[in-house]
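Reader: Hi, I have a protein model open and I'm new to this. Can you walk me through it?

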Amino acid sequence: MAQSLEDNVSSMISEAHARYAAGAGSSIVSDAFLDPAHLATGALHAEQAQHPAGAMLAAEMLFDAYLPIFVEEVGAVDAPDILRATRALHAGIWNRFPAGAIAYTEALRQRASSAHLDSRTQIARDLHDRIAHAIIAGVQRVDLVLFTDPPAPMGVGHLEDAARLLRAALSEVQDLAVALHARVGDDLLDSALARHLADLFPEEAAVSISSRGTPVPLPSWKSEEALTILLEALTNWRKHAPDSTATVHFEWSATAVTVTVSDDGPGFDEDEETSGRLGRRTMQERAALIGAGFSVTSRPEKGTAVSVSIPIGAL
């Protein structure tokens, strides 16, 4: 990134000198052809989650610092020459920003699209693996009783199994509905999570929430994604470690809030675990979308911890 910045600044200055030498009078360049090299630089910055505002600040500093040097180097002595130098330097700097902004926007769009598609895939997988199988098994037990003539002595047992499976499937559907409709709204993130936990785990006493520091509101686009990540982590906990206890800890600072969902369940071997698991990949995508740090740590018989660190601020 440092080399990219140096190359970019050097090319801005070179272009400014070339424009001045050519006598170019206009400084309007936003409607010009978007140079592929500039798009590539913008894409690189987007991959590093660098907001275009940072590049604009660097450009302003470059303009302010280099303009007096530029005017002296080109020998501008009167108002028209100084105006042409100013326009040349402005154009040399500014024509990179449309490409950078477009590349950044496209990267965000791709991340949002990827997270959306992954979420749809996960919902489809949950419906198929967790719900459809339970419903099918329950229906099969009912059919076994109905299609037996005379009724089998074990019919009552089959019906009880069917009722158990169908109740479990109904619970899964309710959990998915709660997760899909989860919203932070006007609440703080920790309060919103506590509210939704009451719906997701109405009889669950094995989840506790703690908070340290002073909670502050997050931008809605960050808080909604963060809530989805946390609910996904807790759903995974109940799915894979139902007999363990889970804790959610919020650590608030002036620059970020770090939320850790940990449990004392069976855990897993990270060396054997593939990071491409659908739920984990979806959480990573969502974290990247809001510029948050994300990590999962686990060891066999030592439990699992999912941590997400969300920057505080408008950008």
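Reader: What is the strand order in the open sheet?

Author: This is a predicted model, to start with. The open sheet has 5 strands in the order E1-E2-E3-E5-E4. The pairing is mixed.

Reader: Which strands stand at the edges?

Author: Strand E1 (207–212) and E4 do. Each has a single partner strand, so one side of each has no neighbour in the sheet.

Reader: And the twist, what does it average from one strand to the next?

Author: The twist averages 10 degrees.

Reader: What holds strands of a sheet together in general?

Author: Strands pair through backbone hydrogen bonds, and the pairing is either parallel or antiparallel.

Reader: OK, go pair by pair. In which sense do E1 and E2 pair, parallel or antiparallel?

Author: Parallel, over 6 bridges. Look at Val-207: it stands opposite Ala-246 in E2.

Reader: And E2 with E3, parallel or antiparallel?

Author: E2 and E3 run antiparallel, joined by 7 bridges. These two strands form a hairpin, with 3 residues between them. Val-248 stands opposite Val-261 in E3.

Reader: What is the bridge partner of Val-261 in E5?

Author: That partner is Val-306. Thr-260 has a partner in E5 as well, Ser-307. Strand E3 (residues 256–263) and E5 pair in the antiparallel sense, over 8 bridges.

Reader: Back to E2. Which of its side chains are buried?

Author: They alternate along the strand. Ala-246, Val-248, Phe-250 and Trp-252 point to one face and are buried.

Reader: Now helices. Which strands does H8 touch?

Author: H8 packs on the sheet and touches E1, E2, E3, E4 and E5. Its direction makes about 180 degrees with that of E5.

Reader: What about H7, which strands does it touch?

Author: H7 also packs on the sheet. It touches E1, strand E2 (246–252) and E5. The direction of H7 makes about 165 degrees with that of E2.

Reader: At what angle do H7 and H8 pack?

Author: About 40 degrees, with the axes 10 Å apart. H7 covers residues 189–200 and H8 covers residues 220–240. The two helices are therefore oblique to each other. H7 passes H8 in a right-handed crossing.

Reader: Which residues make that contact?

Author: From H7, they are Leu-189, Ala-192, Leu-193, His-196, Leu-197 and Leu-200. From H8, they are Ser-223, Ala-226, Leu-227, Leu-230, Leu-231, Leu-234 and Arg-238. By class, that is 10 nonpolar, 2 polar and 1 charged residues.

Reader: I clicked on Ala-194. Where is it found?

Author: In helix H7. Ala-194 counts as partly exposed, because its relative accessibility is 37%. Its C-alpha is 9.0 Å from that of Ser-208, which is 14 residues apart in sequence.

Reader: Changing topic. Where does Glu-301 lie?

Author: Glu-301 lies in the loop between strand E4 (293–299) and strand E5 (303–311). Its phi is near 65 degrees, a positive value in a residue other than glycine.

Reader: Is Glu-301 buried or exposed?

Author: Exposed, because its relative accessibility is 65% and the cut-off for exposed is over 50%.

Reader: Pro-266 next. What is it in contact with?

Author: Leaving aside neighbours within four places in sequence, Pro-266 is in contact with His-240, Ala-241, Arg-299, Pro-300, Glu-301, Lys-302 and Gly-303.

Reader: Where does Pro-266 lie, then?

Author: In the loop between E3 and helix H9 (278–289). Pro-266 is partly exposed, with a relative accessible area of 40%. The C-alpha atoms of Pro-266 and Asp-243 are separated by 9.4 Å, and these residues are 23 apart along the chain.

Reader: Last bit, the whole protein. How many helices and strands does it have?

Author: It has 9 helices and 5 strands. From the N terminus on, the elements run α-α-α-α-α-α-α-β-α-β-β-α-β-β.

Reader: How much of the protein is buried?

Author: Buried residues make up 36% of the 315 residues.

Reader: And what share of the contacts joins residues 24 or more positions apart?

Author: Those account for 75% of the contacts with a separation of 6 or more.

Technical notes: Residues are numbered from 1 along each chain as its sequence is written. This is a predicted model: local features need pLDDT of at least 70, side-chain atom pairs count only at pLDDT 80 or more; totals for chains, interfaces and linings use all residues. Side-chain values use heavy atoms; hydrogens and water are left out. Axes are lines fitted to C-alpha atoms, for helices over the stretch in contact, and angles run from 0 to 180 degrees between N-to-C directions. Helices (H or I, at least four residues) and strands (E, at least two) are DSSP runs, numbered from the N terminus. Angles under 35 degrees count as roughly parallel, over 145 as roughly antiparallel, 65 to 115 as roughly perpendicular and the rest as oblique. A crossing is left-handed if the near helix is turned anticlockwise from the far one by less than a right angle, and right-handed if clockwise. Contact means heavy atoms within 4.5 Å. Ala, Val, Leu, Ile, Met, Phe, Trp, Tyr, Cys and Pro count as nonpolar, Asp, Glu, Lys and Arg as charged, and the others, Gly among them, as polar. Buried means under 20% relative accessible area, exposed over 50%, partly exposed in between (1.4 Å probe, protein chains only). Two strands pair if DSSP finds at least two bridges between them.
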